[in-house]
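Here is a short report on one protein model. Keep the sequence and the 3D view open as you read.

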Amino acid sequence: MINSLTNMDDSEVAIAAARAGADVVRAMYGQDLARIDKGAGDFATAADVAAEQAILDVIRAARPDDALLGEEGGRQGAVGAGREWLVDPLCGTLNYAAGTLVVAVNVALRDGAAAVADPFGGEVFFTDGTTARVRRDGTDATLTPTAATQLVDVNLDPPFPGAPGFRAVELLADARFVERFRPRVVSTSLALAWVAAGKRAAYVTDGGDLSGSVHFAAGIALCRAAGCVVTGIDGTPIGTGAGGRGLLVAADAETHGLLMSMITGQD
């Protein structure tokens, strides 16, 4: 098993790791799980911890010299390693704990391959850093973004660092938004994968520079490879130090422009 993992390319390692985490998430669903309080109403469950361990086991076997950054376990591995994997073992813990099956497992090599697994939908969205695809039942298909659904996911979870200049809830009340789009609220990075796949027209969230976040790195990589328009809610590139606060990912330039005009209050 170790030899087979070592021979995989980075995208296949990401897929294998994400699937390992998804298997744990699926197997532990519905159990009375212990919770680890993180403060401010946030928590992890035993499923988060177990899924992260399963993911790290795969990455360590395949890429023993790489560093790891997990949401639950923090940074591990060799200091000064040239490569780092970002792991969010259960994105959507609140949904999961409430019995809602809209969750994701995120694995991303910083500035490289990434995978987002849907444990209950049976899909794994992945990229080698250049192309974006989805694997279901052993078959791969290219992801093709489109704004045809007119559905826009808006993250309404705190904190709200953009307030008072930007409040996501006010975007939903904008008359131009109501005329063109229909809101959906899916506070999990699965929403980013859905933009890349054409299931959503866009995704909007407040925040800092999210390019290096374990929650968002895999979804951002996927959307970029699929050809989506990816910026901060201030319209600037993310991950460049030039701004990029929060995240606005749109299927095309027209949708991105419309949403930017609503966010900035310009016509």
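## A buried aspartate

Asp153 is found in strand β11. Helices (H or I, at least four residues) and strands (E, at least two) are DSSP runs, numbered from the N terminus. Asp153 counts as buried because its relative accessibility is 0%. Buried means under 20% relative accessible area, exposed means over 50%, and partly exposed lies in between (1.4 Å probe, protein chains only). Asp153 and Ile220 are 67 residues apart in sequence. In space, their C-alpha atoms are 15 Å apart.

This is a predicted model: local features need pLDDT of at least 70, side-chain atom pairs count only at pLDDT 80 or more, and totals for chains, interfaces and linings use all residues. Residues are numbered from 1 along each chain as its sequence is written, and side-chain values use heavy atoms, with hydrogens and water left out.

Two strands pair if DSSP finds at least two bridges between them.

Tyr203 has Val249 in β15 as its bridge partner.

## The sheet of eight strands

Another open sheet has 8 strands, in the order β4-β3-β5-β6-β7-β8-β9-β10. Its pairing is mixed. The edge strands β4 (74-76) and β10 (139-142) have a single partner strand each, so one side of each is left without a neighbour in the sheet. The twist averages 15 degrees from one strand to the next.

Now follow β8. Is this strand mostly covered or mostly open? It is mostly covered, with 5 of its 5 residues buried. Glu123, Phe125 and Thr127 point one way. Val124 and Phe126 point the other way.

Strand β7 (residues 114-118) pairs with β8 (residues 123-127) in the antiparallel sense, over 5 bridges. Ala114 stands opposite Thr127, and Ala115 stands opposite Phe126.

## Backbone exceptions

Most residues other than glycine have a negative phi, and most peptide bonds are trans. Asp137 has a positive phi, near 55 degrees. It lies in the loop between β9 (132-136) and β10. Asp137 counts as exposed because its relative accessibility is 71%.

Gln150 also has a positive phi, near 60 degrees. Its place is the loop between β10 and β11. With a relative accessible area of 36%, Gln150 is partly exposed. Pro164 brings in a cis bond: the peptide bond from Ala163 to Pro164 has omega near 0 degrees. Pro164 sits in the loop between β11 and α5.

## A surface patch

The loop between β11 (151-154) and α5 (168-173) also holds Leu156. At 31% relative accessibility, Leu156 counts as partly exposed. Leu156, Val169 and Val185 make a nonpolar surface patch of about 230 Å². Patches are made of residues with over 30% relative accessible area and no salt bridge; like charges are joined within 9 Å, nonpolar side chains (Val, Leu, Ile, Met, Phe, Trp, Tyr) within 5 Å. A salt bridge is a side-chain nitrogen of Lys or Arg within 4 Å of a carboxyl oxygen of Asp or Glu. Accessible areas come from the Shrake-Rupley method with a 1.4 Å probe; for residues, only the protein chains shown count as cover.

How values were computed: Axes are lines fitted to C-alpha atoms, for helices over the stretch in contact, and angles run from 0 to 180 degrees between N-to-C directions.
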